[in-house]
Amino acid sequence: ALLEAMAAGRPVVATRVGGMPDALEQGKAGVLVAPADPAGLADAIIQLLTQPTFAATVASQARQRFLDRFDVSIMARKYEQLYLSSMA
């Protein structure tokens, strides 16, 4: 759901697990919190709800980051480069 939210230009709060830190930049394209930290999660959500300018900036940057790194055409090109380099 992370990439879908980014593609839709929504501000994202996610836990710092798996590929989340790679997809988001803390405070730029989303807000990352520690796993198993319900207070931190609540604080991050409240921050986005009470700071609409910050939320809009995060949402816009999330959308741009998605387009720059995860759009299907970019992903296809990256796979193609990977396949070509492995055949060389």
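**Terms and the values behind them**

Modeller: Buried residues make up 26% of the 88 residues in the chain. Keep in mind that this is a predicted model.

Colleague: What makes a residue count as buried, partly exposed or exposed?

Modeller: Relative accessible area decides: buried is under 20%, exposed is over 50%, and partly exposed is in between. Ile 45 has a relative accessible area of 39%, so Ile 45 is partly exposed.

Colleague: Where does Ile 45 lie?

Modeller: Ile 45 is in helix 3, which covers residues 38-50.

Colleague: Which residues form a nonpolar patch on the surface?

Modeller: Leu 41, Ile 45 and Leu 49 form the patch, and together they have about 280 Å² of accessible area. Patch members need over 30% relative accessible area; Ile 45, with 39%, therefore passes that cut-off.

Colleague: How many helices and strands does the chain have, and in what pattern?

Modeller: There are five helices and two strands, and along the sequence they follow α-β-α-β-α-α-α.

Colleague: Why is the chain called more spread out than a compact globule?

Modeller: The globule rule gives 12 Å for 88 residues, whereas the radius of gyration is 15 Å, well over that value, so the chain is more spread out than a compact globule. The C-alpha atoms fill a box of roughly 50 × 25 × 15 Å along the principal axes.

Definitions and conventions:
Residues numbered from 1 in each chain as written. Predicted model: local features only at pLDDT ≥ 70, side-chain atom pairs only at ≥ 80, totals over all residues. Heavy atoms only, no water. Patch = residues over 30% accessible without salt bridge, like charges linked within 9 Å, V, L, I, M, F, W, Y side chains within 5 Å. Areas by Shrake-Rupley, 256 points an atom, 1.4 Å probe, with all protein chains shown as cover. Salt bridge = Lys/Arg side-chain N within 4 Å of Asp/Glu carboxyl O. Helix = DSSP H or I, 4+ residues; strand = E, 2+ residues; numbered from the N terminus. Buried < 20%, exposed > 50% of the residue type's maximum accessible area, 1.4 Å probe, protein only. Rg over C-alpha atoms; globule rule 2.2 N^0.38 Å.
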